[in-house]
Amino acid sequence: MLSGRVMADVFISYSRKDQDWVRWLNDQLVAQGREVWVDWEGIEPSEEWLKAIYAAVDEAGVFVFVLSPDSVGSDICLQEVEHALQSGKRIVPVVCRDVNDHDVPTDIARFNFVFLRERDDRDAGLEKLVRA
């Protein structure tokens, strides 16, 4: 259990520049009955934030990596991905904004993406994500 919280079904890794979109995704997953861990709710004051993140990754059922130009360029996001891979987590890349294929880390590029950009069929994409 994390800081007195229930273990999450889903951990969301994202760039802060995508926070508005991630709030939408969080709301959609919660509406589907999923327990979601996001850093704006999951880290207590005075807690060592990186330790809290790694503990949340370890305890979550699925690691969702929100793909955007900013997340693939974020050292912290890439550290979270590396920890998820080392922990053997099921990883689901979710595209919120187009990313150059060459910028996507090889360890993420091998997974099938879920597309939830504005122009995508978001209902179908959300259904795929919830099934994952």
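**Fold, ring pairs and salt bridges of the predicted chain**

Of the 132 residues of the chain, 44% count as buried. The model is a predicted one. The chain holds seven helices and five strands. Read from the N terminus, the elements follow the order β-α-β-α-α-β-α-α-β-α-β-α. The radius of gyration is 14 Å. The globule rule gives 14 Å for 132 residues, so the chain is as compact as a globular protein of that length. The C-alpha trace spans about 40 × 30 × 25 Å along its principal axes. The accessible surface of the chain is about 7200 Å². Carbon and sulfur atoms account for 45% of that surface.

A search of the whole structure returns five aromatic pairs. One of them is formed by Phe-11 and Trp-37. This pair is stacked, with 4.9 Å from centre to centre and 10° between the planes. Phe-11 belongs to strand β1 (residues 10-13), and Trp-37 to strand β2 (residues 36-37), so the pair ties together parts that are 26 residues apart in sequence. Both Phe-11 and Trp-37 are buried. A second pair, Tyr-14 with Trp-40, is edge-to-face. Tyr-14 sits in the loop between β1 and α1 (19-31), while Trp-40 is in helix α2 (residues 39-42). Tyr-14 is buried, at 7% relative accessible area. Trp-40 is partly exposed, at 22% relative accessibility. That value falls outside the buried class because buried means under 20% relative accessible area. Ring pairs also connect Phe-11 and Trp-37 with Phe-63 in a cluster.

Trp-40 has a charged neighbour as well. The charged end of Arg-23 sits over the ring of Trp-40, at 4.2 Å from the ring centre. A further arrangement of this kind involves Trp-24. Arg-122 lies over the face of Trp-24, 4.3 Å from the ring centre.

The count of salt bridges comes to nine. Asp-39 and Arg-16 form one of them, with the closest N and O atoms 3.0 Å apart. The partners lie in distant parts of the chain: Asp-39 in helix α2 and Arg-16 in the loop between β1 and α1, 23 residues apart. Asp-39 is buried, with a relative accessible area of 15%. Arg-16 is exposed, at 55% relative accessibility.

Lys-17 and Asp-70 meet through their side chains in another salt bridge, at 3.9 Å from N to O. Lys-17 is in the loop between β1 and α1, and Asp-70 is in helix α4 (residues 69-72). The two residues are 53 residues apart, and the pair links distant parts of the chain. Lys-17 is exposed, with 67% relative accessible area. Asp-70 is partly exposed, at 23% relative accessibility.

A salt bridge also joins Lys-51 and Glu-48, where the closest N and O atoms are 3.6 Å apart. Lys-51 is exposed, at 56% relative accessibility. Glu-48 is partly exposed, with a relative accessible area of 49%. Shared partners build a network of salt bridges from Lys-17, Asp-18, Asp-70 and Arg-97.

Gly-88 lies in the loop between α5 (75-86) and β4 (90-95). Its relative accessibility is 60%, and Gly-88 counts as exposed. Gly-88 and Asp-58 are 30 residues apart in sequence. In space, their C-alpha atoms are 8.9 Å apart.

Definitions and conventions: Residues numbered from 1 in each chain as written. Predicted model: local features only at pLDDT ≥ 70, side-chain atom pairs only at ≥ 80, totals over all residues. Heavy atoms only, no water. Phe/Tyr/Trp six-rings, centres within 6.5 Å; stacked < 30°, edge-to-face > 60°. Helix = DSSP H or I, 4+ residues; strand = E, 2+ residues; numbered from the N terminus. Buried < 20%, exposed > 50% of the residue type's maximum accessible area, 1.4 Å probe, protein only. Lys NZ or Arg CZ within 6 Å of the ring centre and 35° of its normal. Rg over C-alpha atoms; globule rule 2.2 N^0.38 Å. Areas by Shrake-Rupley, 256 points an atom, 1.4 Å probe, with all protein chains shown as cover. Salt bridge = Lys/Arg side-chain N within 4 Å of Asp/Glu carboxyl O.
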